[in-house]
Amino acid sequence: MKTDQLITLLANGVSAVDGQQARRHSAMILGCGTLGTVLLMVMWLGVRRDLADAALLPMFWAKLAFAATLLVGAYTVALRLSRPGMRVGHAPLALAVPVLVLWLLAAVALGMAAPESRGYLILGVSWQVCPINIALLSAPSFVAALWVMRSLAPVRPALAGAASGLFAGALGALAYSFYCPELAAPFIGIWYLLGMLIPALAGGMIGSWLLRW
Amino acid sequence: MSVNANVDVNVNGTEIRLRALLLRGLAGESAAYQQFLQDLSGRLRAFLRGRLAGLPDEVEDLVQETLLAVHNQRHTYDAAQPLTAWVYAIARYKMIDMLRRRAKRDALHDPLDDELAVFTASDQDAGDARRDIAGLLDQLSDGQRLPIIYTKLEGRSVAEAAQLTGMSESAVKVAVHRGLKKLALLIRNAS
């Protein structure tokens, strides 16, 4: 087929592109993923009973803010990676800011703590299950985020997959915060982060073949 | 300096004109869209010929592959974004993809980041594509191939195609969309 014939084929009877509808469709898929993560959290783990007490503690909000800023950051980066020619710029570096702030808090907490209680600040009571729980909670959002990304056109598929995975991981961490009793900054800076990095890593690996077009 | 200024003006003129044509095409104006693709194909050909000096046989195949990619991903163009950047990113992606597939790693050492160059020259003299897209079209399932043939090759309306295939009109549109995406996949796998 000559190029001119291909052009005629592509242009013939071309249908209008409804950007609004495409955005609604993506929002609906992401909404379903988020709902899946929330339902999984409520039905599988349940909301902690002492949530009202926990909400009085600054570290509870710091934990939520940590996951929420990473969520917004990952969403922003994923959005830019989803369209050809969008500048990603320094947005990925901005993702390091909440991590560094939390690590600073963790360093202060460890520095002020008595030596014998430092182990508890780092390991808490649930370090063995925290990352895997966050990764499992993120699964519905993970599927949704990659699904939406697949309908777009990332020119860096692995990176786009990683950003989608981090977005899902941050949602998982946010949901997990309503169950998990751990509030120590060192714990969150290690195990929550690890939990979010599992889907990010998986997204990067899957993205490098799933998101090609 | 003045030469550069001239190039900038030309690039800008092309950007403005092509962008206007694409936006009309996105609104469903077939003639404007055809003109957009026609003009774009010339720009892509010149750009890719310059970049693939060592692989002249690949150029026309890659022009076609990029045009199909532009068409299939046209919903990702944001009107607030420079068209040059969008087209360049797609062309570059498809070129690197092709080079990877050829597994000629030495070819990747070319500097590939010259965004403005994509609109600086045009070459309407199409060489022959080596790959036959019509042949690949035959590999699609009837459910995707027939809607494409009716609406795209024979120029029938969606309603007519729906009647001929016994599908609903929206199913015909979806089949065309999916079929052209499948075609892009077949092209990738064929080379």
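The exercises below work through helices, domains, the chain interface and salt bridges in a predicted model.

Local features need pLDDT of at least 70, side-chain atom pairs count only at pLDDT 80 or more, and totals for chains, interfaces and linings use all residues. Residues are numbered from 1 along each chain as its sequence is written, chains are lettered from A and ligands numbered from 1 in the order written, and side-chain values use heavy atoms, without hydrogens and water.

**Exercise 1. Describe the fold of chain A.**

Step 1: count the elements. Helices (H or I, at least four residues) and strands (E, at least two) are DSSP runs, numbered from the N terminus. Chain A has 10 helices and zero strands. Its pattern along the sequence is α-α-α-α-α-α-α-α-α-α.

Step 2: take the extent. The C-alpha trace of chain A spans about 75 × 35 × 25 Å along its principal axes.

Step 3: Leu45(A) belongs to helix α2 (residues 19-45) of chain A. Contact means heavy atoms within 4.5 Å. Setting aside neighbours within four places in sequence, Leu45(A) contacts Leu40(A), Asn133(A), Leu137(A), Tyr176(A) and Tyr179(A). Ala107(A) is 62 residues from Leu45(A) along the chain, and their C-alpha atoms are separated by 30 Å.

**Exercise 2. Work out how α6(B) and α8(B) pack.**

Step 1: get the geometry. Axes are lines fitted to C-alpha atoms, for helices over the stretch in contact, and angles run from 0 to 180 degrees between N-to-C directions. Helix α6 (residues 142-153) and helix α8 (residues 169-190) of chain B pack at about 105°, with axes 8 Å apart.

Step 2: classify the angle. Under 35 degrees is roughly parallel, over 145 roughly antiparallel, 65 to 115 roughly perpendicular, and the rest oblique. So α6(B) is roughly perpendicular to α8(B).

Step 3: list the contact. From α6(B) come residues including Pro147(B) and Ile148(B); from α8(B), residues including Val172(B) and Leu180(B). By class, this contact has six nonpolar, four polar and three charged residues. Ala, Val, Leu, Ile, Met, Phe, Trp, Tyr, Cys and Pro count as nonpolar, Asp, Glu, Lys and Arg as charged, and the others, Gly among them, as polar.

**Exercise 3. Compute what the domains of chain B share.**

Step 1: Chain B has domain 1 (2-119) and domain 2 (133-190), with bounds from an automatic or database domain assignment.

Step 2: take the contact. Nine residues of domain 1 of chain B touch eight of domain 2 of chain B. Buried area is the accessible area (1.4 Å probe) that two parts lose on being put together, summed over both. Here it is about 780 Å², with 57% from carbon and sulfur atoms. Leu68(B), Asn72(B) and Arg101(B) supply 52% of what domain 1 of chain B buries against domain 2 of chain B, more than any other three residues.

**Exercise 4. Describe the interface of chains A and B.**

Step 1: count residues. Chain A gives 30 and chain B gives 48.

Step 2: take the area. The two chains bury about 3,400 Å² between them, 58% of it on carbon and sulfur atoms. Met1(A), Leu10(A) and Trp213(A) lose the most area in chain A, together 22% of what that side buries.

**Exercise 5. Find the salt bridges.**

Step 1: apply the rule. A side-chain nitrogen of Lys or Arg must lie within 4 Å of a carboxyl oxygen of Asp or Glu.

Step 2: follow Asp97(B). Its partner Arg188(B) has the closest N and O atoms 2.8 Å apart. Asp97(B) also pairs with Arg212(A), at 3.5 Å.

Step 3: check another pair. Asp39(B) and Arg17(B) meet at 2.7 Å, N to O. Asp39(B) lies in α2 (residues 30-51) and Arg17(B) in α1 (residues 2-26) of chain B, so the pair ties together parts 22 residues apart in sequence.
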